[in-house]
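Subject: Handover of a structural model

Dear colleague,

Please find the structure below, followed by an account of what was found in it. I would be grateful if you kept the model open while reading.

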Amino acid sequence: MALRNAAMAALLEGEASGYDLAKGFDASVANFWMATPQQLYRELERMEADGLISARIVEQERRPNKRLFSLTEAGLAAVRAYTAEPPKPTAVRDELMVKVQCVDAGDIEAVRSMIAERAERSTAKLARYERLQKRLLDGRTEDEFFATAERIGPYLTLLRGMALERDNLRWNALALTRLEQRAAASAGD
């Protein structure tokens with residue numbers, strides 16, 4: 001998946017500045033796509049040059065003028081075409097898993113510490129996702145949301161992000177328990 005497609009997905013929410021998109025990436029697509037603001041700004045320039053988005057200037061008094069981007073008809077057509085293509089297989093590259101793979105010959109305490117840090121990050125992300133879920137539901141049940149919401153894609157991806165973080169937390173707890181048991185057994189030898 002290209003950053004372009006993730007940016008178009010974010011712009012389906014409506015017109016946004018590059019700054020708002022970069023900031024909003026955390027809330028809208030960060031559970032499945034990461035990008036730096038610089039990468040996003042470069043991609044927005046390319047997308048505008050390719051006619052997928054248009055920009056309008058909003059003059060501001062006390063701040064620099066800002067550009068608001070929105071999808072063009074060509075951009076919406078690109079979204080339709082993209083969603084019809086089969087996805088590429090997911091490729092996982094997780095340096096922590098390489099360290100876990102090496103733990104028996106490595107520094108078990110350092111790896112335990114890294115797993116605990118990952119658990120803290122997963123806990124924080126899950127809490128952020130749960131706040132977003134509450135805001136999206138706005139007092140409705142999920143069934144009511146799905147029956148009445150204008151767009152359900154963002155909610156479905158949010159649910160996937162929440163499931164991923166819950167699974168990460170389950171694995172972190174299991175790994176920490178097993179590494180503690182291994183450390184205790186090694187200390188007893």
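Is phenylalanine 146 buried, partly exposed or exposed? Phenylalanine 146 is partly exposed, as its relative accessible area is 30%; buried means under 20% relative accessible area, exposed over 50%, and partly exposed in between, with a 1.4 Å probe and protein chains only.

Before the details, some notes on the basis of the description. This is a predicted model, in which local features need pLDDT of at least 70 and side-chain atom pairs count only at pLDDT 80 or more, while totals for chains, interfaces and linings use all residues. Residues are numbered from 1 along each chain as its sequence is written, and side-chain values use heavy atoms, with hydrogens and water left out.

The protein chain has an average pLDDT (the predictor's confidence in each residue, from 0 to 100) of 91, and 96% of the residues score at least 70. Helices (H or I, at least four residues) and strands (E, at least two) are DSSP runs, numbered from the N terminus.

The aromatic residues

Across the whole structure, a search finds 3 aromatic pairs. Rings of Phe, Tyr and Trp (its six-membered ring) pair if their centres lie within 6.5 Å; planes under 30 degrees apart count as stacked, over 60 as edge-to-face and the rest as tilted. Phenylalanine 145 and tyrosine 155 make a tilted pair, with 4.7 Å centre to centre and 40 degrees between the planes. This pair links distant parts of the chain, with phenylalanine 145 in helix α7 (residues 142-148) and tyrosine 155 in helix α8 (residues 153-188), 10 residues apart. Phenylalanine 146 and tyrosine 155 form an edge-to-face pair, 5.5 Å centre to centre with 80 degrees between the planes. Phe145, Phe146 and Tyr155 together form one aromatic cluster. Phenylalanine 145 counts as buried because its relative accessible area is 4%, and tyrosine 155 is buried at 1% relative accessibility.

Glutamine 133

Tyrosine 155 also has a polar partner: its side chain makes a polar contact of 2.9 Å with the side chain of glutamine 133. A polar contact is a pair of N or O atoms within 3.5 Å; within protein, one must be able to donate a hydrogen and the other to accept it, and residues adjacent in sequence count only if both atoms are side-chain atoms. Glutamine 133 lies in helix α6 (residues 108-137) and is buried, at 16% relative accessibility. Leaving aside residues up to four places away in sequence, glutamine 133 touches Glu142, Tyr155, Leu158, Leu159 and Met162, where contact means heavy atoms within 4.5 Å.

A nonpolar core is a set of buried Ala, Val, Leu, Ile, Met, Phe, Trp, Tyr and Cys residues joined through side-chain atoms within 4.5 Å. The largest one has 19 residues, of which Leu11, Leu21, Phe25, Leu40, Leu44, Met47 and Ile53 touch the most other members. At least two residues of this core come from each of α1, α2 (18-28), α3 (37-49) and β3 (66-71), and α1 supplies the largest share, 6 residues. Helix α1 (residues 3-11) is largely enclosed by the rest of the structure, because 7 of its 9 residues are buried.

Strand β3 runs antiparallel to β1 (residues 16-17), to which 2 bridges join it; two strands pair if DSSP finds at least two bridges between them. Strand β2 (residues 53-58) is joined to β3 by 6 bridges, and these two also run antiparallel. Serine 54 has serine 70 in β3 as its bridge partner.

Yours sincerely
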